[in-house]
Amino acid sequence: MKKISVLFLTAIMVISLVACGSNDVKSSIETTDLLGVWYDVKTAQRIEFNSDLSFGHYQTRTAPGNPGYWSIDNNKLNIKSCVTIEDLKIQDFDDSISLNDDIYTFVKWESLPITELSVGEVAKDESVAIKLKDINFYDKLPNEILNSHTYSSSLSGLNSGNVYIKITFDVTNLLKSEINVPGLRGDMDIIVDYDNGFRYATYDNGCCFYISDSDVYITEPGGARGYDISVQPLQTRTFDVYIECPEIILIDDDSPLNICFISKYGTEAKYYSFSIR
(Lines give C-alpha, C1' and ligand atoms only; values in the text may rest on other atoms or scores of the structure.)
Protein backbone atom coordinates (compact mmCIF):
# COMPACT_ATOMS: atom_id res chain seq x y z
CA MET A 1 0.00 0.00 0.00
CA LYS A 2 2.84 2.39 0.72
CA LYS A 3 4.19 1.79 -2.77
CA ILE A 4 0.80 2.53 -4.33
CA SER A 5 0.42 5.73 -2.34
CA VAL A 6 3.89 6.94 -3.31
CA LEU A 7 3.25 6.23 -6.99
CA PHE A 8 -0.01 8.17 -6.87
CA LEU A 9 1.50 11.14 -5.08
CA THR A 10 4.41 11.21 -7.51
CA ALA A 11 2.07 11.13 -10.49
CA ILE A 12 -0.35 13.67 -9.14
CA MET A 13 2.33 16.21 -8.24
CA VAL A 14 3.81 16.31 -11.73
CA ILE A 15 0.51 16.98 -13.51
CA SER A 16 0.70 19.97 -15.82
CA LEU A 17 -1.54 22.07 -18.01
CA VAL A 18 -1.03 22.48 -21.74
CA ALA A 19 -4.66 23.12 -22.60
CA CYS A 20 -4.34 26.83 -23.41
CA GLY A 21 -4.49 27.43 -27.12
CA SER A 22 -5.69 23.93 -28.01
CA ASN A 23 -8.63 23.82 -30.43
CA ASP A 24 -10.00 20.73 -28.68
CA VAL A 25 -10.36 22.33 -25.27
CA LYS A 26 -13.77 23.42 -24.06
CA SER A 27 -13.73 27.20 -23.69
CA SER A 28 -15.35 27.17 -20.25
CA ILE A 29 -15.37 24.27 -17.80
CA GLU A 30 -18.33 24.20 -15.44
CA THR A 31 -18.63 22.34 -12.16
CA THR A 32 -21.42 20.21 -13.62
CA ASP A 33 -19.08 19.03 -16.42
CA LEU A 34 -16.99 17.10 -13.92
CA LEU A 35 -19.55 15.63 -11.53
CA GLY A 36 -19.53 11.86 -11.22
CA VAL A 37 -17.06 9.00 -11.48
CA TRP A 38 -14.30 8.94 -14.09
CA TYR A 39 -12.16 5.91 -14.98
CA ASP A 40 -8.61 5.85 -16.29
CA VAL A 41 -8.91 3.66 -19.38
CA LYS A 42 -5.61 1.80 -18.93
CA THR A 43 -5.57 1.21 -15.17
CA ALA A 44 -9.27 1.48 -14.20
CA GLN A 45 -8.31 3.82 -11.37
CA ARG A 46 -11.27 6.00 -10.42
CA ILE A 47 -11.60 9.65 -9.55
CA GLU A 48 -14.88 10.98 -8.24
CA PHE A 49 -16.08 14.58 -8.25
CA ASN A 50 -19.03 15.11 -5.90
CA SER A 51 -21.57 17.93 -5.81
CA ASP A 52 -20.44 18.96 -2.32
CA LEU A 53 -17.02 19.61 -3.92
CA SER A 54 -15.44 16.64 -2.17
CA PHE A 55 -13.02 14.56 -4.22
CA GLY A 56 -11.89 10.96 -4.08
CA HIS A 57 -9.16 9.00 -5.84
CA TYR A 58 -9.42 5.22 -5.65
CA GLN A 59 -6.71 2.70 -6.48
CA THR A 60 -8.08 -0.27 -4.55
CA ARG A 61 -11.53 -1.69 -4.00
CA THR A 62 -12.10 -0.18 -0.58
CA ALA A 63 -9.48 2.46 0.11
CA PRO A 64 -9.51 6.02 -1.23
CA GLY A 65 -6.00 7.35 -1.95
CA ASN A 66 -5.97 11.13 -1.16
CA PRO A 67 -9.54 12.35 -0.62
CA GLY A 68 -9.92 16.09 -0.58
CA TYR A 69 -11.83 19.00 -2.09
CA TRP A 70 -11.89 20.48 -5.57
CA SER A 71 -12.76 23.72 -7.31
CA ILE A 72 -12.53 25.32 -10.75
CA ASP A 73 -10.97 28.74 -11.21
CA ASN A 74 -10.50 30.17 -14.70
CA ASN A 75 -10.65 26.70 -16.26
CA LYS A 76 -8.06 25.44 -13.80
CA LEU A 77 -8.92 22.45 -11.64
CA ASN A 78 -7.53 22.76 -8.13
CA ILE A 79 -7.55 19.87 -5.69
CA LYS A 80 -6.60 20.14 -2.04
CA SER A 81 -6.04 16.85 -0.27
CA CYS A 82 -3.82 15.56 2.54
CA VAL A 83 -1.02 17.37 0.76
CA THR A 84 -1.66 20.79 -0.76
CA ILE A 85 -1.70 20.51 -4.54
CA GLU A 86 -1.84 23.95 -6.09
CA ASP A 87 -1.73 23.10 -9.77
CA LEU A 88 -3.66 19.92 -10.53
CA LYS A 89 -5.07 21.00 -13.86
CA ILE A 90 -7.05 19.68 -16.79
CA GLN A 91 -5.36 19.02 -20.10
CA ASP A 92 -7.52 18.65 -23.23
CA PHE A 93 -10.97 18.52 -21.62
CA ASP A 94 -13.66 17.37 -24.02
CA ASP A 95 -15.32 14.05 -23.22
CA SER A 96 -12.24 12.99 -21.29
CA ILE A 97 -9.73 14.34 -18.80
CA SER A 98 -6.13 13.82 -19.87
CA LEU A 99 -3.61 14.34 -17.10
CA ASN A 100 0.15 14.15 -16.79
CA ASP A 101 0.97 14.40 -20.51
CA ASP A 102 -1.68 11.83 -21.47
CA ILE A 103 -0.37 9.13 -19.09
CA TYR A 104 -3.81 9.18 -17.50
CA THR A 105 -6.97 9.53 -19.58
CA PHE A 106 -10.12 9.55 -17.47
CA VAL A 107 -13.49 9.04 -19.15
CA LYS A 108 -17.06 8.51 -18.02
CA TRP A 109 -18.47 4.98 -17.94
CA GLU A 110 -20.27 5.42 -21.26
CA SER A 111 -16.97 6.09 -23.05
CA LEU A 112 -15.09 3.05 -21.76
CA PRO A 113 -14.11 0.37 -24.33
CA ILE A 114 -16.64 -2.19 -23.04
CA THR A 115 -17.00 -5.62 -24.68
CA GLU A 116 -20.64 -6.72 -24.63
CA LEU A 117 -21.53 -10.39 -24.10
CA SER A 118 -24.45 -12.64 -23.18
CA VAL A 119 -24.84 -14.92 -20.18
CA GLY A 120 -22.92 -18.15 -20.82
CA GLU A 121 -20.38 -16.52 -23.14
CA VAL A 122 -16.75 -16.24 -22.07
CA ALA A 123 -14.90 -12.95 -21.71
CA LYS A 124 -11.24 -13.72 -22.37
CA ASP A 125 -8.00 -11.77 -22.55
CA GLU A 126 -4.34 -12.64 -22.06
CA SER A 127 -4.76 -12.91 -18.29
CA VAL A 128 -8.12 -14.41 -17.38
CA ALA A 129 -11.28 -15.94 -18.76
CA ILE A 130 -14.57 -14.93 -17.10
CA LYS A 131 -17.86 -16.75 -17.58
CA LEU A 132 -21.05 -15.35 -16.06
CA LYS A 133 -23.22 -18.33 -15.16
CA ASP A 134 -26.26 -17.05 -13.28
CA ILE A 135 -27.81 -14.33 -11.10
CA ASN A 136 -30.40 -14.61 -8.32
CA PHE A 137 -31.91 -12.34 -5.67
CA TYR A 138 -32.08 -12.98 -1.92
CA ASP A 139 -33.21 -11.13 1.20
CA LYS A 140 -30.53 -12.68 3.40
CA LEU A 141 -27.06 -14.17 3.17
CA PRO A 142 -26.48 -17.95 3.01
CA ASN A 143 -25.43 -19.90 6.10
CA GLU A 144 -22.00 -20.56 4.56
CA ILE A 145 -21.27 -16.85 4.97
CA LEU A 146 -23.16 -16.26 8.22
CA ASN A 147 -21.39 -19.19 9.92
CA SER A 148 -17.91 -18.41 8.58
CA HIS A 149 -15.18 -17.14 10.88
CA THR A 150 -14.87 -13.99 8.75
CA TYR A 151 -18.47 -12.93 9.37
CA SER A 152 -19.42 -10.79 12.35
CA SER A 153 -22.80 -9.65 13.63
CA SER A 154 -21.35 -6.14 13.71
CA LEU A 155 -21.53 -6.01 9.92
CA SER A 156 -24.43 -3.92 8.71
CA GLY A 157 -27.46 -5.78 7.38
CA LEU A 158 -29.65 -4.93 4.42
CA ASN A 159 -31.03 -1.43 4.22
CA SER A 160 -34.80 -1.13 3.97
CA GLY A 161 -36.07 -1.82 0.45
CA ASN A 162 -32.86 -3.55 -0.64
CA VAL A 163 -31.96 -7.11 -1.59
CA TYR A 164 -28.79 -9.02 -2.35
CA ILE A 165 -28.06 -9.87 -5.94
CA LYS A 166 -26.05 -13.09 -6.10
CA ILE A 167 -23.75 -13.26 -9.12
CA THR A 168 -22.27 -16.67 -9.97
CA PHE A 169 -19.27 -16.71 -12.29
CA ASP A 170 -16.18 -18.73 -13.23
CA VAL A 171 -12.67 -17.33 -13.37
CA THR A 172 -9.88 -19.17 -15.20
CA ASN A 173 -6.33 -17.99 -14.57
CA LEU A 174 -4.36 -17.86 -17.84
CA LEU A 175 -1.22 -16.43 -16.25
CA LYS A 176 1.80 -18.36 -14.97
CA SER A 177 1.38 -17.01 -11.45
CA GLU A 178 -1.55 -17.06 -9.06
CA ILE A 179 -4.13 -14.30 -9.03
CA ASN A 180 -6.54 -13.07 -6.37
CA VAL A 181 -10.13 -12.42 -7.32
CA PRO A 182 -11.33 -10.53 -4.27
CA GLY A 183 -8.45 -8.87 -2.50
CA LEU A 184 -7.14 -5.59 -1.20
CA ARG A 185 -5.46 -4.78 -4.52
CA GLY A 186 -8.84 -4.88 -6.20
CA ASP A 187 -7.72 -6.53 -9.44
CA MET A 188 -11.34 -7.30 -10.37
CA ASP A 189 -14.37 -5.08 -9.92
CA ILE A 190 -17.94 -6.28 -10.44
CA ILE A 191 -20.68 -3.76 -11.18
CA VAL A 192 -24.46 -4.14 -11.41
CA ASP A 193 -25.64 -1.65 -14.05
CA TYR A 194 -29.42 -1.12 -13.90
CA ASP A 195 -31.31 1.01 -16.40
CA ASN A 196 -28.12 2.34 -17.99
CA GLY A 197 -26.76 4.37 -15.12
CA PHE A 198 -27.80 3.11 -11.70
CA ARG A 199 -24.66 1.24 -10.63
CA TYR A 200 -23.91 -0.89 -7.58
CA ALA A 201 -20.40 -2.28 -7.30
CA THR A 202 -18.09 -4.37 -5.17
CA TYR A 203 -16.21 -1.16 -4.31
CA ASP A 204 -19.26 0.79 -3.10
CA ASN A 205 -19.60 2.02 0.48
CA GLY A 206 -21.05 -1.13 1.96
CA CYS A 207 -20.25 -4.75 2.61
CA CYS A 208 -19.72 -7.17 -0.26
CA PHE A 209 -19.52 -10.93 0.25
CA TYR A 210 -17.54 -13.46 -1.80
CA ILE A 211 -17.63 -17.22 -1.42
CA SER A 212 -15.76 -19.90 -3.37
CA ASP A 213 -15.87 -23.47 -2.05
CA SER A 214 -15.45 -22.89 1.70
CA ASP A 215 -13.47 -19.65 1.34
CA VAL A 216 -15.30 -16.49 2.38
CA TYR A 217 -14.00 -12.97 1.79
CA ILE A 218 -15.82 -9.83 2.90
CA THR A 219 -15.06 -6.27 1.88
CA GLU A 220 -16.36 -3.44 4.02
CA PRO A 221 -15.74 0.31 4.14
CA GLY A 222 -12.11 0.84 5.06
CA GLY A 223 -10.99 -2.78 5.08
CA ALA A 224 -11.66 -6.45 4.49
CA ARG A 225 -12.18 -9.70 6.38
CA GLY A 226 -10.67 -13.02 5.39
CA TYR A 227 -7.78 -14.14 3.23
CA ASP A 228 -7.50 -13.37 -0.46
CA ILE A 229 -9.10 -16.12 -2.56
CA SER A 230 -6.45 -17.21 -5.03
CA VAL A 231 -6.77 -18.93 -8.40
CA GLN A 232 -3.73 -20.95 -9.42
CA PRO A 233 -2.33 -20.98 -13.00
CA LEU A 234 -4.72 -22.70 -15.43
CA GLN A 235 -7.16 -23.33 -12.57
CA THR A 236 -10.86 -22.46 -12.80
CA ARG A 237 -12.79 -21.47 -9.68
CA THR A 238 -16.47 -20.70 -9.28
CA PHE A 239 -17.40 -17.64 -7.24
CA ASP A 240 -20.61 -16.30 -5.76
CA VAL A 241 -20.61 -12.61 -4.93
CA TYR A 242 -23.42 -10.86 -3.05
CA ILE A 243 -23.94 -7.15 -3.74
CA GLU A 244 -26.63 -5.06 -2.05
CA CYS A 245 -28.97 -3.24 -4.43
CA PRO A 246 -32.52 -1.81 -4.47
CA GLU A 247 -35.39 -4.29 -4.76
CA ILE A 248 -36.74 -2.46 -7.83
CA ILE A 249 -34.04 -4.21 -9.87
CA LEU A 250 -35.75 -7.52 -9.09
CA ILE A 251 -39.27 -6.23 -9.72
CA ASP A 252 -38.70 -4.19 -12.88
CA ASP A 253 -38.42 -6.60 -15.81
CA ASP A 254 -38.56 -3.91 -18.49
CA SER A 255 -35.42 -1.88 -17.76
CA PRO A 256 -31.99 -3.04 -18.96
CA LEU A 257 -29.80 -4.96 -16.50
CA ASN A 258 -26.12 -5.72 -17.10
CA ILE A 259 -23.43 -7.37 -14.98
CA CYS A 260 -20.05 -5.77 -15.67
CA PHE A 261 -16.54 -6.96 -14.87
CA ILE A 262 -13.38 -4.86 -14.85
CA SER A 263 -10.28 -7.08 -15.11
CA LYS A 264 -6.97 -5.48 -14.12
CA TYR A 265 -4.63 -8.48 -14.22
CA GLY A 266 -2.90 -7.66 -17.53
CA THR A 267 -0.94 -4.67 -18.74
CA GLU A 268 -4.18 -2.78 -19.39
CA ALA A 269 -7.63 -3.00 -17.80
CA LYS A 270 -10.36 -4.83 -19.71
CA TYR A 271 -14.07 -4.07 -19.49
CA TYR A 272 -16.86 -6.60 -20.02
CA SER A 273 -20.63 -6.28 -19.83
CA PHE A 274 -22.99 -9.29 -19.73
CA SER A 275 -26.55 -8.51 -20.75
CA ILE A 276 -29.20 -9.98 -18.43
CA ARG A 277 -32.22 -8.29 -20.00
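View 1. The model is predicted: local features need pLDDT of at least 70 and side-chain atom pairs count only at pLDDT 80 or more, while totals for chains, interfaces and linings use all residues. Residues are numbered from 1 along each chain as its sequence is written, and side-chain values use heavy atoms, with hydrogens and water left out. S21 and S22 run antiparallel and are joined by six bridges. Six residues lie between S21 and S22 in the hairpin that they form. Strands (E, at least two residues) and helices (H or I, at least four) are DSSP runs, numbered from the N terminus. Two strands count as paired if DSSP finds at least two bridges between them.

**View 2. S9, S22, S21, S14 and S15, in this order, form an open sheet with mixed pairing.** Strand S9 (114-118) and strand S15 (198-201) are at the edges; each has a single partner strand, so one side of each has no neighbour in the sheet. On average, neighbouring strands of this sheet are turned by 25° against each other, direction ignored. Axes for such angles are lines fitted to C-alpha atoms (for helices over the stretch in contact), and angles run from 0 to 180 degrees between N-to-C directions. S9 pairs with S22 in the parallel sense over five bridges, and Leu117 has Phe274 of S22 as its bridge partner. Strand S14 (residues 188-194) pairs with strand S21 (residues 257-263) in the antiparallel sense over seven bridges. Asp193 has Asn258 of S21 as its bridge partner.

**View 3. Seven strands with antiparallel pairing make an open sheet in the order S10-S11-S12-S20-S16-S17-S18.** Strand S10 (122-124) and strand S18 (223-225) are its edge strands, and each pairs on one side only. From one strand to the next, the twist averages 25°. Strand S17 (residues 215-220) and S18 are paired in the antiparallel sense over three bridges. Thr219 has Ala224 of S18 as its bridge partner.

**View 4. The largest nonpolar core has 33 residues.** Ile167, Phe169, Met188, Ile190, Ile259 and Phe261 touch the most other members of this core. At least two core residues come from each of strand S11 (128-138), strand S12 (162-173), S14, strand S16 (208-212), strand S20 (236-246), S21 and strand S22 (270-275). S12 contributes the most, with five residues. A nonpolar core is a set of buried Ala, Val, Leu, Ile, Met, Phe, Trp, Tyr and Cys residues joined through side-chain atoms within 4.5 Å. Buried means under 20% relative accessible area, exposed means over 50%, and partly exposed is in between (1.4 Å probe, protein chains only).

**View 5. Arg199 and Glu110 form a salt bridge, with their closest N and O atoms 3.3 Å apart.** Arg199 is in strand S15 and Glu110 is in the loop between strand S8 (104-107) and S9, so the pair ties together parts 89 residues apart in sequence. A salt bridge is a side-chain nitrogen of Lys or Arg within 4 Å of a carboxyl oxygen of Asp or Glu; the structure holds eight salt bridges. Arg199 is partly exposed at 26% relative accessibility, whereas Glu110 is exposed at 58%.

**View 6. Lys133 and Asp170 meet through their side chains in a salt bridge (3.6 Å, N to O).** Because Lys133 lies in strand S11 and Asp170 in strand S12, this pair ties together parts that are 37 residues apart in sequence. Lys133 is partly exposed, with 40% relative accessibility, whereas Asp170 is buried at 13%.

**View 7. The side chains of Asp215 and Arg237 form a salt bridge (3.0 Å, N to O).** Asp215 is in strand S17 and Arg237 in strand S20, so the pair ties together parts 22 residues apart in sequence. Asp215 is partly exposed at 32%, and Arg237 is buried at 10% relative accessibility.

**View 8. Ile248, Leu250 and Ile251 make a nonpolar surface patch of about 270 Å².** Ile248 is in helix H4 (residues 248-251) and counts as partly exposed at 42% relative accessibility. Patches consist of residues with over 30% relative accessible area and no salt bridge; like charges are joined within 9 Å, and nonpolar side chains (Val, Leu, Ile, Met, Phe, Trp, Tyr) within 5 Å. Accessible areas come from the Shrake-Rupley method with a 1.4 Å probe, and for residues only the protein chains shown count as cover.
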